[in-house]
Amino acid sequence: MMSHSYHRYPAKFIPQLVNKLVSQYTKEGDIVCDPFGGCGTTLVQSKVGGRKSIGFDINPVAKLITDTKTQAISPVKLTEAREFFIKKHEQLRNRKSNVYHNERIYYWFDKKIVQDLDVIYVSILTIKDIETRRFFLCAFSHVLKNCSRWLMKSIKPTIDQNKDFPDPEETFLRHLDSMIKKNDVFYTSLKESGRLKIPAKMKLWNSTKKLPLKDKSIDLIVTSPPYVTSYEYADLHQLSLLWFGDDRKHFKNWDKVVNEFFNFKKQFIGSSHKKVVHKEFKSKIATDIVTKLEAKNRSLSQSVASYFNDMQDAFSEMYRILKKGKKACVIIGNTELLGVPILNAQVATEQMINLGFIKTKIIKREVSNKMITPWRDKDTGKFTGHTNHNKKRAYEYEYVLIMQK
């Protein structure tokens, strides 16, 4: 597993799939790009395979996770940092914390838990080495959900009224130690293959806008775009965003942090917050889907229209940055809303062909329930639990679209 399980992340695509695509369509030294970088699976596998990589994501927590996962650290350095952390934590354990939190933190966390987490957080901030401190912050970010009132089995922000809170220190150290062991394997593997210093860069960026890359500069694109109306991705990481602030610094002005969080949330692909301006989707299938949804729910149809608009812009950028004759591999799934089939794979294929791509292969795969919330309510279209008798699989299959420029 190497570094892939450092931090929970929804709707991951499997490393083996990425590895196969990278191995098949590139050679060592080539540059791989993931415009929707997420938790960095493409970048990690590219580095392991000796390929340079660059990823983009609008979510600062995704960048934190990816930067941590792609940077193997000397096991000796991490062992020393852990010892330093333990000593610092002991010194600060009984001192009153001066960390100021927005009230929203206390909606999710018991006050005693907040105090315990503050000691861990402040102790981490005393680690001077940037990469090592980031490694510890990633571990801290991962355990926030465990220590909160958030229902563990849900990716939606749901309160668990009967949750037994774990001990924050034990929970943090257990996950940190797991990460340290995985880093040891990752570091050793990269060192033995001479690939420790192969660049894997993640940038905060909205991939529907012009990417900071030259025309025809990329050898392969491997990406999995956000699923249409799946969920507001910002909500999934609101605990970390609220705790760290938009750039993971220790903000004093927490009102600013909250404002940044909600402004950031509005930028997501297909977000219901966006003002939809209808335009040519470059897909007759997309137009038909939006028209059918509009007759049933205008608001939902606008969200789907926004999604198709955004994806068209993203595909256009992919075409621009890709070298001629090279491949773009897009992993995407179909779903259904209010009885209307949302044929994302077919729409994406049509949009990409109309932008100039050539279809070379489409692979259909069954989606694991562990990868994404599996159920929707048949009537409302909203995500629901497995106990709902009116449930229906949300994403049963995904498609790997292999397109060539």
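Helices α13 and α14 cross in a right-handed way. Keep in mind that this is a predicted model. Overall, the protein has 14 helices and 11 strands, and 54% of its 405 residues count as buried. Here's a quick tour, starting with that crossing and moving on to the rings.

**The α13/α14 crossing**

- Two packed helices are described by the angle between their axes and the distance between the axes.
- For helix α13 (residues 298-321) and helix α14 (residues 344-354), the axes come within 10 Å and the crossing angle is roughly 45 degrees.
- On the α13 side, the contact is made by Tyr307, Phe308, Met311, Gln312 and Phe315.
- On the α14 side, the residues are Asn344, Val347, Ala348, Gln351 and Met352.

**Rings that pair up**

- How many aromatic pairs are there? The count comes to 16.
- Take Tyr107 and Trp108: their ring centres are 5.0 Å apart and their planes sit at 85 degrees, which is over 60, so this pair is edge-to-face.
- Phe109 and Trp243 make another edge-to-face pair, with 5.6 Å from centre to centre and 80 degrees between the planes.
- Where do Phe109 and Trp243 sit in the chain? Phe109 is in the loop between α5 (103-108) and α6 (111-125), and Trp243 is in helix α10 (residues 238-244).
- Phe109 and Trp243 are both buried.
- There's also a cluster to look for: ring pairs link Tyr6, Phe85, Phe135, Phe136 and Phe172.

**Charges over rings**

- Lys364 has its charged end over the ring of Tyr397, 4.4 Å from the ring's centre.
- Lys405 does likewise with Tyr319, its charged end sitting over that ring at 4.7 Å from the centre.

**The whole chain**

- What share of the contacts with a separation of 6 or more comes from residues 24 or more positions apart? In this protein, such residues account for 77% of those contacts.

How values were computed: Residues are numbered from 1 along each chain as its sequence is written. This is a predicted model: local features need pLDDT of at least 70, side-chain atom pairs count only at pLDDT 80 or more; totals for chains, interfaces and linings use all residues. Side-chain values use heavy atoms; hydrogens and water are left out. Rings of Phe, Tyr and Trp (its six-membered ring) pair if their centres lie within 6.5 Å; planes under 30 degrees apart count as stacked, over 60 as edge-to-face and the rest as tilted. Helices (H or I, at least four residues) and strands (E, at least two) are DSSP runs, numbered from the N terminus. Buried means under 20% relative accessible area, exposed over 50%, partly exposed in between (1.4 Å probe, protein chains only). A charge sits over a ring if NZ of Lys or CZ of Arg is within 6 Å of the ring centre and within 35 degrees of the ring normal. Axes are lines fitted to C-alpha atoms, for helices over the stretch in contact, and angles run from 0 to 180 degrees between N-to-C directions. A crossing is left-handed if the near helix is turned anticlockwise from the far one by less than a right angle, and right-handed if clockwise. Contact means heavy atoms within 4.5 Å.
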